[in-house]
Amino acid sequence: MYETIISLAPALVLLIVILIADRRKPEPFSEVILALMGGIVSIVLCLILGTQTQGLAMDVEDPLGVFRSFNESFFGAGLPEELAKLIVLYLLVRRNKYFDEQVDGIVYAALIGLGFAAYENVLYVVGAEDVEGTAAVRAILSVPGHFMFALLMGYWFSRFWWDKTHRFRKLFLALFIPVIAHTAFDFTCFFLGQFEDEEGIVEIISMVILLGINITGFIMARKFIRRQLAKDENPELAAEAEMQEADEEVKTENGAEAEEVKTEEVVDEAEEVTTESAAMLTANSQEVQSAAFEIENTPTQTEENTVQNEEAVAEEEETAAETEEATTEAEEVVAQAEEAAEEMAETTFEELELTEEEKAKRAEEAAKAQARYEAAKANIHRRREAKKEEEESKKRRNKIWSRIYVIAMIVIACIAIIYLVFTVIETKNEKANTPEMEEIKLVTEDLGYDLVNRPDVIKGGAEDGMVDYMCYTACIYWSHHNSEDDAIAQEWIDKALENSDTETVAMYLNNAAYAYSSQEDNKFALNILDRAIKICPEDANLYDSRGEMLWHLGKKKEAKEMWEKAIQTDPDFLDKYGETTLYTLLEENDML
C-alpha cells in the first residue's frame, strides 16, 4: 500500500494542477476519469505499436552505443508511446460534446498523459529494490516528463482541432514535438546509463540534462496554456490570431461562399429590374390605363415571383452547399422575371393593345414560371428534410460509436488495472517470502548474478541444489550476527556440503567474501574467510584472500603471515595463481 501511494502521489499533484488551470469551464468528473483510463488504455496500445516500430530500428555498427540508445529511445519508447496517446486523445474527443474550448485539448491530453505516467510509475516503484529512491527520482523526472510531453501534444492538437488553416501540419506537430522531447529524455537515460561511474558524476550530468528538458518543456507549455486560455476568454482574439497566422486565404471546400455571393447578385439584379419596371409602368400609366388594367396580373405575378424567389434565395443561403440545383432553377425564374419586366418597359402604347391569344400566351408563361418556382421550393423542402434525416441518423451512429469507445476503453482500462493489482500483490509476496533478497543481490551482484533476470536463484535455488545460492544465503544469515541466524546459516552450509565438495563450497564463500569487501565491509569478509578455512583448511587461496582483507584493515604484518601460510600450504601457489593482489601489495612495500 505504501509503495502504491508514493508512486501515485506525483500524478495526483499534477492532476490538481491541470484541473485548476481548467477552472473557467471545468470538465465533468466522468470525463476526467474516462481520460485517465484512456491513459491506461494507451499503454496497452503502446505495447502493440512498439512491436511494429522496433522493427524500424537502425541496425548499424555502434561501438559507442549511440544508435542503440537512439533506437531504444525513439522506436522503443518515444514514437509508440506518444502515437498511442495521440490516437486515444483523438478517439476520446471526436464525439465529445464537452470538448468545447481551446484549452480543452491541453486538458484532455494532460489527463491521458497522467493516466499513462501513474500506471507506469506504479510498475516501476513497486518492483524496485530501493522503493523510496526510485519513487523520488521518478517523481522529479519521469512523471513530470510524461505530463510535459502531453501538454505539448495537447496544444498542437487543440490548434489542429479549432484552427482552419494548415491542419495537417498542426496534427503532425502534435505528434512530432512530444516524440522528439520524449526521445531526448530517454536517450539521455540510455546513453549515459551505459557508462560506469563510481563517483556519480554521470548520474549528476544525467539529472541536470533531464531537469533541463523538463523545465524547458514546462516553460513552453505554460506559454501555450496561457495562449489558449486567452483565446477562450476572447474569441475575437482567437479569430484575429488565426487570420494573422494564415499565409493565404483558405478556399472553402464546399463552395458555399461562392454560392452565397452568386445568389446575392441574382437577388440584386432582380430587385433592380423590378424597380425599373415599376418606374416605366408609372410613366406610361395615364396613356395605357385600360391596357395596363388588362395585363396588370402579369407584372404583378412577376413581382410576386421575384419576391418569392428572394425568399427562396434567403432559404437557399442557409443550405448553399447542398441546394445548387434549386439555386439554378431559382435563377431561371428571376431571368424570366427580368425578361417580362424589360418587355413591359419597352412596350409602347400601341404594343400594349394585346390580342386575346397573346394574353393567354403570357398568362401561360407566368403559370409555368410559377410552377417551376413551386417545384424548386418543393425540391428545397425535400432536400432539407433529407438533410435533417441524415443528420439525425449521423447523430444516432455517433452516439452508438461513442458508447462503444467508452465501453471498450473502460473494459481495457479495468483489465489493465486488475493486472496491475495482481502484479503489486505478487511483488509484495515475493519480497515477503525472500527478506534477504536485497542482501543476496548485494553479495551476488559483483559475482555476475543478475537476480532480477534469474528468479530461480531467489525462489528455488536451494531446492534445486544450487550450491552457490546456499553459500550466499549462509553469508546473509551470518551477517545478522546472532546465534539463531548463525544456526540457519550452518544448515545452508551443511546442505551445500551434501550437494558438493569442500573445495567448491570454499570457493563460493571466498567469492562472497570479495563481494562484501567490494562494499567496504572487509571485517565481515574476514569473518567469512575464517569460516571457509575451517571448512577447507587445505585451500591455499583462502589464506591469500584472508591476507588481502587484513591488509585492507591495516594489519600488514598479519597479512604477510597469511601470504607465508598460503605458500606453506601450497608451494606452487604462485605458479598456479600468479601475482595476486596480496603479492603485489607486499612487493610494492618491500615486505617480501
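**Notebook: a look around a helical chain**

I started with H146, which is buried, at a relative accessible area of 4%. This is a predicted model, so I keep that in mind throughout. H146 sits in helix α6, which covers residues 142-162. What does H146 touch once I leave aside its neighbours within four places in sequence? I found E81, K85, G113, F116, A117, E120 and H182 in contact with H146.

Next I stepped back to the protein chain. I noted 24 helices and zero strands. Buried residues account for 43% of the 592 residues. Of the contacts between residues at least 6 apart in sequence, 74% link residues at least 24 apart. The accessible surface is about 33,000 Å², and carbon and sulfur atoms hold 56% of that.

Last entry: a helix pair. How do α20 and α21 lie relative to each other? The axes of α20 (residues 522-535) and α21 (residues 540-552) come within 9 Å and cross at roughly 160°. Angles over 145 degrees count as roughly antiparallel, so that is what I wrote down for α20 and α21. The crossing is left-handed. On the α20 side I listed N522, A525, L526, L529, D530, A532 and I533, which meet L542, Y543, S545, R546, M549, L550 and H552 of α21.

Terms used. Residues numbered from 1 in each chain as written. Predicted model: local features only at pLDDT ≥ 70, side-chain atom pairs only at ≥ 80, totals over all residues. Heavy atoms only, no water. Helix = DSSP H or I, 4+ residues; strand = E, 2+ residues; numbered from the N terminus. Buried < 20%, exposed > 50% of the residue type's maximum accessible area, 1.4 Å probe, protein only. Contact = heavy atoms within 4.5 Å. Areas by Shrake-Rupley, 256 points an atom, 1.4 Å probe, with all protein chains shown as cover. Axes fitted to C-alpha atoms, helices over the stretch in contact; angles between N-to-C directions. Parallel < 35°, antiparallel > 145°, perpendicular 65-115°, else oblique. Left-handed = near helix turned anticlockwise from the far one by under 90°.
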